[in-house]
Amino acid sequence: MSDEQFLEVFTAHLDRIHNLARGLTGTVEDAEDLVQETCLLALRGWRRRPPQDPAAWFATICLNAARSGYRKRAVRPTEVSAEAWLAAMPDPHDTARSAVASLDAERVRMAIGRLPPPQ
């Protein structure tokens with residue numbers, strides 16, 4: 001069967017595929033990406049051997065693509081820009097002031113007194 005026949009069959013099932021993708025993802029954009037991925041994967045399979053039941057076949061491909069995408073995101077660390085990372089870092093001067101302010105002077109003198117003479 002030709003690519004044109006694939007597009008006819010896929011388009012006939014597009015609403016169902018999109019509804020499934022929307023249920024599997026959190027946003028319309030993610031659903032559209034999943035539908036696109038489903039279409040590409042289905043086209044590759046179609047070229048090898050068209051399915052007996054296209055509706056079930058498209059749904060299975062969509063579900064598997066969603067699972068695969070979930071696994072990829074689960075093992076990939078979240079990317080953060082350098083600017084966002086620096087903005088989240090505390091000011092080192094404030095941190096040093098807080099550390100010094102929390103010190104108990106008497107405990108520091110005692111700790112220094114226990115150091116060996118070379119130190």
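Entry 1, loop position. I looked up His13 and found it in the loop between helix 1 and helix 2; helices here are DSSP runs of H or I with at least four residues, strands are runs of E with at least two, and both are numbered from the N terminus. The model is predicted, so I kept to its limits: local features need pLDDT of at least 70, side-chain atom pairs count only at pLDDT 80 or more, and totals for chains, interfaces and linings use all residues. Residues are numbered from 1 along each chain as its sequence is written, and side-chain values use heavy atoms, with hydrogens and water left out.

Is His13 buried or exposed? I noted His13 as buried, at 15% relative accessibility (buried is under 20% relative accessible area, exposed over 50%, partly exposed in between, with a 1.4 Å probe and protein chains only). Setting aside neighbours within four places in sequence, I found His13 in contact with Pro54, Ala55 and Phe58 (contact means heavy atoms within 4.5 Å).

I searched the whole structure for disulfides and got zero (the criterion is a pair of cysteine sulfur atoms within 2.5 Å). Cys39 is in no disulfide, and its nearest cysteine sulfur, that of Cys62, is 11 Å away.

How many salt bridges does the rule give? I counted one, where the rule asks for a side-chain nitrogen of Lys or Arg within 4 Å of a carboxyl oxygen of Asp or Glu. The pair is Arg47 and Asp3, at 2.8 Å from N to O. This pair links distant parts of the chain, 44 residues apart: Arg47 lies in helix 3 (residues 28-48) and Asp3 in helix 1 (residues 3-12). I logged Arg47 as exposed at 53% relative accessibility, and Asp3 as partly exposed at 31%.

I looked up helix 2 (residues 14-24) against helix 3: they pack at an angle of about 130°, with axes 8 Å apart. Axes are lines fitted to C-alpha atoms, for helices over the stretch in contact, and angles run from 0 to 180 degrees between N-to-C directions. Among the residues making the contact, I listed Leu14, Ile17 and Ala21 of helix 2, and Val28, Ala31 and Val35 of helix 3.
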